[in-house]
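Reader: Can you walk me through this one? I'd like to go through the strands and then the helix packing.

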Amino acid sequence: MSTLTEKLHLPEDRKKLFRAIPILFTVGLLIYYCVHPELYSADGEVPIWRSARTYEITLLSVALVFLWLETNEMSDRLNRILSWVWFAVAPFAVYFSLLYLNADKYNIDFFALDKIALLLTFAFLYLVQGILFGVTGSIRFSVIIYAVAIAAIGIINCFVISFRGMAISAADLFSVGTAAAVASEYTYKLDWYMVMEILFTLLICTISLKLRKGRMMPLAARGVFLALVAVLAGGYYYLCGKTTFLEDHDIRSEGFTHQLRYKKYDMIFTTLTTCFYLVVDKPEGYSLEAVQEIAADYVTSEDEEEGAGSADADDSGSADAVSESADSDTDTVDTPNLIVIMNESWADYTDIGNTLELSEDYMPFIRSLTENTIKGTAYSSVFGGNTPNSEYEFLTGNTMAFLPTSSVGFNLFVRGNLPSLASQLDSLGYYTLAMHPYRGTNYRRNIVYPQIGFETYYTRDDFDYPYKIRNYISDETLFERIITEYEANLDSGSPLFSYNVTIQNHGGYYTSNTKNLDMEIEVLNTGFSTTRADIYVNLVKATDDAFKQLIEYFEEVEEPTVIVMFGDHQPDIGDGAYEYLLGGTEDDLTGEELMEKYKIPFIIWANYDIEEETIEATSLNYLYSIMADRLGLSMTGYQEYLLDLSEEIPVINSIGYWGADGVFYELDDEESPYYELVNEYNILEYNDIFGGDNRYYDFFTLNAASE
């Protein structure tokens with residue numbers, strides 16, 4: 001009987017090499033295990049020969065080597081029978097292999113899993129295997145392809161959770177390029193479960209390759225089979241994605257920390273359900289007439305006559321469309337230079353949960369600013385990653401609360417020229433400049449920024465000889481570049497809108513990654529590992545020092561200038577740290593308690609007289625409207641609407657919202673007294689994003705501003 005190597009027509013020496021590769025790989029994994037004591041001893045005290053894991057991995061490795069050396073001498077008939085048996089059994093092998101990887105990590109009890117979700121999980125695995133079999137005509141190769149794919153996703157997911165604190169989801173498919181770009185910035189180390197997942201997957205592949213009769217159907221029969229499977233797959237998607245079946249059985253995977261649902265639905269189905277949230281449904285009562293009715297108080301009668309779809313209308317706006325400040329002590333400046341800094345992972349851990357105790361303050365200068373300063377707390381919609389969602393909320397006024405779970409606003413919801421703060425200021429004659437000292441293609445910024453109104457975009461390639469902290473261009477270098485661009489723009493006669501996204505404080509807080517970082521401040525709390533937190537607070541101290549230099553420069557500038565800085569999200573400084581800060585694990589917390597993970601600080605400073613204020617709580621979608629109101633800056637009708645809405649719903653994000661009554665509500669709470677207001681906001685946002693030719697431009701652009 002022919003072997004695989006004979007079918008491939010390999011020379012004898014290549015046959016030996018083909019057989020040796022998996023054996024060498026298995027031996028290599030075994031050696032890796034032996035030289036990493038943490039794999040067989042959690043406390044480092046158990047000798048390798050006394051660990052049960054040593055015998056498990058050795059037996060599995062021996063079995064693998066034996067299988068590779070053994071020649072399949074079975075008859076064609078028996079091979080065919082066993083191939084179909086393997087077709088029926090393989091999904092279970094793949095499933096339980098992945099379950100072994102995740103069960104201990106995420107407290108998954110197989111017998112406690114939701115039975116409907118479990119059935120749907122195996123149905124999904126059989127459908128994937130069926131599609132691959134229909135395409136390849138080979139049982140063994142169809143099993144190998146999806147076994148390797150699922151194992152790879154499982155291992156990658158473990159790393160992603162450790163890096164950003166939240167599991168992968170379907171929306172991450174739109175950020176694969178960004179993920180690949182930043183992957184080299186992290187440190188990777190296989191744990192015991194990853195090693196075993198690799199070996200189990202290798203075992204599944206080995207069994208598959210040993211079955212000679214892989215092609216079980218003629219081409220015509222495969223076509224019929226594939227068509228049947230495609231119909232079943234369509235029915236599966238319709239049931240799960242287009243009906244209320246999952247919701248009716250209380251199966252859902254909303255939120256950003258999907259791993260919390262693994263113990264109820266397991267990883268495969270939890271991740272799969274995120275695919276069903278990528279479609280945005282029209283809000284209740286949506287129509288162009290409804291949009292116009294809600295927006296009626298925020299457009300002039302002249303604009304109302306023009307109606308929607310005025311994309312070609314003159315939206316140059318006017319500096320006369322200014323919302324006057326009610327405070328007579330505040331200087332009203334129509335078009336000050338506006339410098340916006342969204343600072344990577346900027347958070348104030350002295351104001352989060354049980355707080356961190358530090359050897360000294362890590363942002364003393366920022367706290368010292370009081371004159372001509374507005375400070376406060378905002379809530380973002382993301383934690384640990386998906387930075388562009390915070391940009392999206394600030395620049396557009398749209399909230400991620402109404403958009404699919406874990407989706408990225410820049411990747412999915414900038415379609416054509418979306419009205420934004422950049423296009424608004426451009427219509428007022430501003431020079432609109434965006435800078436991000438990292439890869440320009442991350443999250444499609446190189447495509448999105450021009451679409452939302454930025455004239456110029458500088459990336460790390462435009463910074464010559466930058467000063468770096470760790471492996472990232474420092475805030476100091478970026479802030480110096482802000483000054484350089486301001487000075488270069490002086491002779492243009494145009495005010496400057498400089499929008500900046502920092503990179504210095506990006507994740508990857510490892511002791512081996514502290515180049516050029518002064519580690520003077522210590523976290524004094526005990527009971528959890530403070531390594532990440534120690535590095536993080538010292539990074540923010542470097543930000544504070546750089547921000548001081550920026551403010552001191554503009555204090556001497558005559559041109560009216562406003563500087564805004566806010567965080568995009570909190571960093572992941574470790575599960576232990578957050579259990580301490582929040583008083584328990586995430587699955588023990590209510591939605592309101594979980595909001596502590598989404599708090600970020602903001603500061604608004606001007607080099608001219610403005611009224612000082614502390615804003616206790618807002619959210620990033622409201623931030624520009626609040627600032628414009630306090631400083632007398634131009635606002636669109638939409639921004640004026642958001643300002644009024646913030647009086648009734650002070651905070652809204654992807655987790656929920658607080659009403660003016662101080663009560664926290666879930667987004668879908670129909671009993672909330674604010675339910676209709678939330679739905680109206682949803683209607684307006686839907687029109688802004690998906691309205692197309694029916695977008696109500698007069699409301700979303702400056703010629704919608706109330707006189």
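Reader: Which residue in strand 12 is the bridge partner of I652?

Author: The partner is Y657. This is a predicted model, in which local features need pLDDT of at least 70 and side-chain atom pairs count only at pLDDT 80 or more, while totals for chains, interfaces and linings use all residues. Residues are numbered from 1 along each chain as its sequence is written, and side-chain values use heavy atoms, with hydrogens and water left out.

Reader: How many bridges join strand 11 to strand 12?

Author: Two, and the strands run antiparallel; strand 12 covers residues 657–658. Two strands pair here if DSSP finds at least two bridges between them. Helices (H or I, at least four residues) and strands (E, at least two) are DSSP runs, numbered from the N terminus.

Reader: In what order do the strands of that open sheet come?

Author: The order is 11-12-13, with antiparallel pairing. Strand 11 (651–652) and strand 13 (664–665) are at the edges with a single partner strand each, so one side of each has no neighbour in the sheet.

Reader: OK, strand 8. How many of its residues are buried?

Author: Seven of its seven residues, 561–567, are buried, where buried means under 20% relative accessible area with a 1.4 Å probe, protein chains only. T561, I563, M565 and G567 are on one side, and V562, V564 and F566 are on the other.

Reader: Which strands does strand 8 pair with?

Author: Strand 1 (residues 337–343) is one of them, parallel to strand 8 over seven bridges. Strand 9 (residues 599–606) is joined to strand 8 by five bridges and runs antiparallel to it.

Reader: Are the faces of strand 2 covered or open?

Author: Both are covered: T373, K375, T377 and Y379 on one side and I374, G376 and A378 on the other are all buried.

Reader: Switching to helices. At what angle do helix 5 and helix 11 pack?

Author: About 70°, with the axes 9 Å apart; helix 5 spans residues 115–136 and helix 11 spans residues 262–273. Axes are lines fitted to C-alpha atoms, for helices over the stretch in contact, and angles run from 0 to 180 degrees between N-to-C directions. That makes the two helices roughly perpendicular, a term used for 65 to 115 degrees.

Reader: Which residues meet there?

Author: A117, L118, L120, T121, F124 and L125 of helix 5 meet Y265, D266, I268, F269 and L272 of helix 11, contact being heavy atoms within 4.5 Å. By class, that contact has nine nonpolar, one polar and one charged residues. Ala, Val, Leu, Ile, Met, Phe, Trp, Tyr, Cys and Pro count as nonpolar, Asp, Glu, Lys and Arg as charged, and the others, Gly among them, as polar.

Reader: Where do helix 12 and helix 25 touch?

Author: L288, A290, V291 and I294 of helix 12 contact E680, I683, L684 and N687 of helix 25. The axes come within 10 Å and cross at roughly 115°.

Reader: Last one: how many helices and strands are in the protein chain?

Author: There are 26 helices and 13 strands. Of the 707 residues, 57% count as buried.

Notes: Angles under 35 degrees count as roughly parallel, over 145 as roughly antiparallel, 65 to 115 as roughly perpendicular and the rest as oblique. Buried means under 20% relative accessible area, exposed over 50%, partly exposed in between (1.4 Å probe, protein chains only).
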